[in-house]
Structures are given as structure tokens and as C-alpha cells.
Amino acid sequence: MLELSSPSFADGDMLPDRFAKNHGNIMPALQWTGAPDGTASFALIVQDPDAPHGTVCHLAVGGIGVDRSGLEEGEPLHGLLVCRNVFGDAGWGGPRPPAGDGAHRYHFRLLALDTAILAIETGAAPEELIRAVEGHVIADAELVGRYETKAFGPINRAVRLRRFGETDVLELGQVPVPQAQDDEVLVKVVAASVNPVDYKTMQGEFPPVGEGDLPIVLGRDLAGTIEAVGTRAHYMLSKGDRVFAHIGFDRGAQSNYVVVKAVELVAAPASIDLVQAGGIGLAAMTAWQGLFDHGGLGAGQRVLIHGGAGGVGHLAVQFARARGAEVFATAGPDDLDFVASLGADTVIDYKNQRFEDIARGVDVVFDLVGGDTTERSWAVLREGGILVSTLAEPDQAQAKAHNVRAAPRWLAEPNAAQLGEVARLIDAGEVRISVAETFPIERVRDAYDRAQQGHVRGKIVLTFGDDPSD
């Protein structure tokens with residue numbers, strides 16, 4: 001008979017996990033005995049009722065004698081599993097206790113299997129694991145208990161994506177605190193925004209991120225304070241400095257602690273708080289690079305900005321105005337006064353007015369809407385003008401037919417020099433950031449739901465705690 005027990009539960013003590021100090025907590029140890037002959041592998045499922053959103057995850061899938069199993073070679077009938085708070089290692093998921101010390105409940109289910117080969121991926125939900133092992137279970141055992149966690153260092157929670165879907169696939173789990181190396185800087189995050197690229201990635205609709213790239217931490221921009229600097233980081237950077245950044249795709253910003261390259265960050269504008277600054281990075285670089293790098297917009301030219309009240313659009317209106325362009329912008333009836341207050345020369349009610357009847361001889365169309373709006377925009381461009389879209393590459397054949405240009409497909413890239421110019425404009429009072437709503441990180445699913453509803457005036461921002469500078 002297969003039995004599952006825990007020395008940790010039995011005597012109230014934790015067996016120290018050799019990985020614990022790297023990953024924030026000591027986890028319980030599980031002892032299992034009595035696996036019948038023919039056992040070739042195991043599956044361990046853990047349900048954590050205390051985790052955020054009632055997270056349920058599998059802990060391990062492994063073969064007898066494999067290092068990760070906790071078993072010694074030649075011990076097929078019993079072994080010790082130390083539950084590791086590890087993420088992303090092949091064959092392992094991990095229980096993710098809520099931040100901080102204290103008691104947490106776990107329901108463990110251990111399945112002895114007759115095969116060592118399973119069609120299962122790390123991070124699979126329990127029901128997926130059960131389906132994969134059907135027909136191979138030769139014994140099982142369950143254990144319900146409560147144990148204490150002890151935090152050795154700062155808790156680092158992150159918005160993680162293990163599989164594509166809607167907001168129910170978002171996980172708020174603990175990950176290791178990264179270390180700043182060379183020219184990197186470790187930032188303690190105060191705020192990070194939710195951008196369209198985040199929920200499109202979540203849904204599997206952002207081509208640069210495929211199934212093979214999961215799991216990942218989401219988020220592209222942040223604001224916070226410097227926690228530590230690498231050995232080659234700029235000598236003027238120091239702990240406690242207020243910074244904001246737009247970071248590359250190789251990391252996620254929606255986390256308590258994020259490593260940022262020194263060339264990606266600049267000092268946060270002194271005139272605003274870090275929650276506001278957390279909404280700037282990606283939207284600002286999208287607007288700036290779309291208008292100026294790809295659109296070539298200059299003083300005295302005309303620009304039509306579709307979606308002038310949104311996260312990118314409200315910044316684009318202000319950047320174009322600051323550059324000395326004549327600004328036409330479309331917006332819904334409820335946002336006309338808001339967009340006018342940003343400095344647009346002409347605000348067009350897209351529900352009740354045809355923009356092509358109002359905007360004529362435009363040098364640049366900056367399209368944040370797509371669809372029929374894109375098709376109707378060719379007619380407003382002057383000869384040689386350009387259409388720049390953030391959604392898809394406009395039809396080059398259409399551009400040629402109208403004797404205008406279409407900007408190739410592009411993605412905003414981190415650029416500290418440009419972000420620094422945005423900060424200067426904000427402190428000079430020429431640009432302001434509009435934060436539509438803020439959500440604490442514990443309500444990340446609500447934040448993503450709100451962002452997907454559309455018609456947001458400005459930015460949706462996640463908060464990770466109070467701004468220490470306030």
C-alpha cells in the first residue's frame with residue numbers, strides 16, 4: 001500500500017530545502033513508502049487553497065532515479081520529496097504560498113505510475129496531469145496538512161503566464177528575486193502598466209511569444225526605486241533612486257523586483273508620483289517612435305491620430321503638439337473635451353462625424369484603431385504622406401494606389417534617450433500622463449479585464465505598494 005507522510009507535518013518542524021534560500025521559503029518534505037512493484041515514475045499534485053485565486057498546480061512529474069525526484073538510484077519503492085519553490089525547471093512546478101510567513105494548507109496527492117514517459121508539460125493544470133496519467137496509475141495516496149513558511153529574504157511576486165487563454169490563466173506567484181549583473185540595475189517596482197501587448201500575449205495572439213516560450217512574466221514597463229546595481233552600472237546610480245523604464249521582451253515588468261538594463265531606464269519625472277510614472281514607458285515609446293521615427297513628423301506638418309484618448313493616443317497628441325504639428329484627433333463623444341485639453345487643434349467625434357470630411361492634406365496618419373478606420377485613412381493623406389499603424393502593416397498596394405507611403409511593421413523598442421526627453425516634457429508641464437484606473441497586484445485579473453474592455457481614457461496601472469517617495 002502506497003503511503004504518503006510528512007516529517008514536517010508530524011513534528012511541526014521544516015526540513016530545510018537546499019534551494020530554499022534562493023527561492024524565498026522553506027517548503028515541507030514528503031516521505032512516501034510502499035510503492036508497488038512496477039512503479040516506474042510518479043506524479044505529485046498539490047492543491048493550495050491559501051494561494052491567490054485558489055491556485056491549483058502540479059508539483060512534480062518524474063521518473064525513479066532521476067535527480068529531481070529526490071530518490072537515489074536503485075530505490076524504486078520509497079523516497080523523499082522535498083517540495084521546492086522552483087519555477088520553470090523541466091519536470092517541476094511548485095506550490096506558491098502567499099507572501100510572508102505563516103501557516104498554509106496543502107492537499108497532496110501522489111500517484112505511482114507504471115510508465116516513465118508522460119505527454120505532459122511543466123506547469124500543466126491538475127486536470128491535464130490526470131488525463132495524461134489515466135491508465136498508468138497503479139497506486140495513490142493523499143495527505144492534507146498545514147505547515148509554516150519562513151521567509152529568508154524579500155518576497156517577489158510576479159504575474160506569470162504558463163498557458164494561453166483568458167484572464168483565468170493569469171497567476172500571481174512567487175519567483176526568485178533576480179540579481180543585477182554587470183550594467184544591470186535591480187528595481188523594486190512600485191507600479192507597472194497593463195498594455196494591449198500584455199493581454200494579446202495572454203491570449204496567444206502576439207506572434208513573438210509562442211507556446212515554447214512559456215512560462216513567462218508579463219509586462220513591458222515599470223516605475224520604482226533602485227534596490228541594487230551591478231558592478232558596471234553607471235556610477236551615478238544608487239539605491240533608492242526613483243526610475244522608470246520600458247524593458248525588453250526577455251523579462252517581465254509585472255513583478256515586485258525586476259532587473260533593468262542601465263540603458264533602458266532614466267530618472268522618473270520629479271513632478272509626478274511613481275504610480276503615474278509606471279504608466280508611461282511602453283505607451284510613450286510607442287507614440288514617440290510611431291510619430292517621429294517611423295512617421296517623420298515635424299513642426300508645421302499635419303497629423304491625424306486615431307484613438308486620441310487612449311493610453312498611446314493621449315500621449316501622441318501631446319508629443320505632436322510639443323513638436324509643433326497641427327493635430328487632428330478622433331475620440332468618442334465622452335472624450336472630446338479631454339482630448340481638446342491635451343492640445344489637439346481639431347477633435348473629431350468618430351461616432352457622429354466622418355474624419356475624412358474634416359482632416360485633409362495630412363502628412364502623417366497615426367492609426368491606433370485599425371480595421372475600416374485604416375482603409376478610410378488613405379484618402380486624407382497628402383501625396384507622399386505616410387500611414388503608421390501600431391496594429392498591422394498597412395497594405396503597401398493601397399499606399400501605392402493612393403501615391404502615399406505605409407510604414408513597415410514595427411514594434412516599440414526601449415530607448416532611454418527618448419524616455420528621458422519624455423520625462424523632461426512632463427517636468428516642463430508640456431505633457432501629462434492620464435491614469436484611468438489603478439489596481440493592486442492582487443487584482444491583476446480585474447486589471448486585465450478592464451484593459452480589454454476598451455475605451456479607457458489613459459492607462460491602466462498595477463500597483464505593488466506605496467510610493468516610498470510620497
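User: Buried means under 20% relative accessible area, exposed over 50%, and partly exposed in between, with a 1.4 Å probe and protein chains only. So where does Asp 335 fall, buried or exposed?

Analyst: Asp 335 is buried, since its relative accessible area is 15%. This is a predicted model in which local features need pLDDT of at least 70 and side-chain atom pairs count only at pLDDT 80 or more, while totals for chains, interfaces and linings use all residues. Residues are numbered from 1 along each chain as its sequence is written, and side-chain values use heavy atoms, leaving out hydrogens and water.

User: Which residue forms a salt bridge with Asp 335?

Analyst: Arg 457 does, at 2.8 Å from N to O; a salt bridge is a side-chain nitrogen of Lys or Arg within 4 Å of a carboxyl oxygen of Asp or Glu. Arg 457 lies in the loop between helix 12 (444-453) and strand 23 (459-463), and Asp 335 in the loop between strand 17 (326-331) and helix 8 (336-341), so the pair ties together parts 122 residues apart in sequence. Helices (H or I, at least four residues) and strands (E, at least two) are DSSP runs, numbered from the N terminus. Arg 457 is partly exposed, at 34% relative accessibility.

User: How many salt bridges does the structure hold?

Analyst: The structure holds 17. One of them joins Asp 363 and Arg 382, whose closest N and O atoms are 2.3 Å apart. Asp 363 lies in strand 19 and Arg 382 in strand 20, so this pair ties together parts 19 residues apart in sequence. Asp 363 is buried at 12% relative accessibility, whereas Arg 382 is partly exposed at 32%.

User: How do strand 19 and strand 20 run?

Analyst: Strand 19 (residues 362-367) and strand 20 (residues 381-389) run parallel and are joined by five bridges; strands pair if DSSP finds at least two bridges between them. The chain crosses from strand 19 through helix 9 (residues 372-377) to strand 20 in a right-handed β-α-β crossover. Right-handed means that, with the strands pointing away from the viewer, the path from the first strand over the helix to the second runs clockwise.

User: New topic: what does Leu 214 touch?

Analyst: Not counting residues up to four places away in sequence, Leu 214 touches Leu 161, Arg 162, Arg 163, Phe 164 and Val 209, where contact means heavy atoms within 4.5 Å. The C-alpha atoms of Leu 214 and Arg 163 are separated by 6.8 Å, although the two residues are 51 residues apart along the chain.

User: Is Leu 214 buried or exposed?

Analyst: Leu 214 is buried, because its relative accessible area is 15%.
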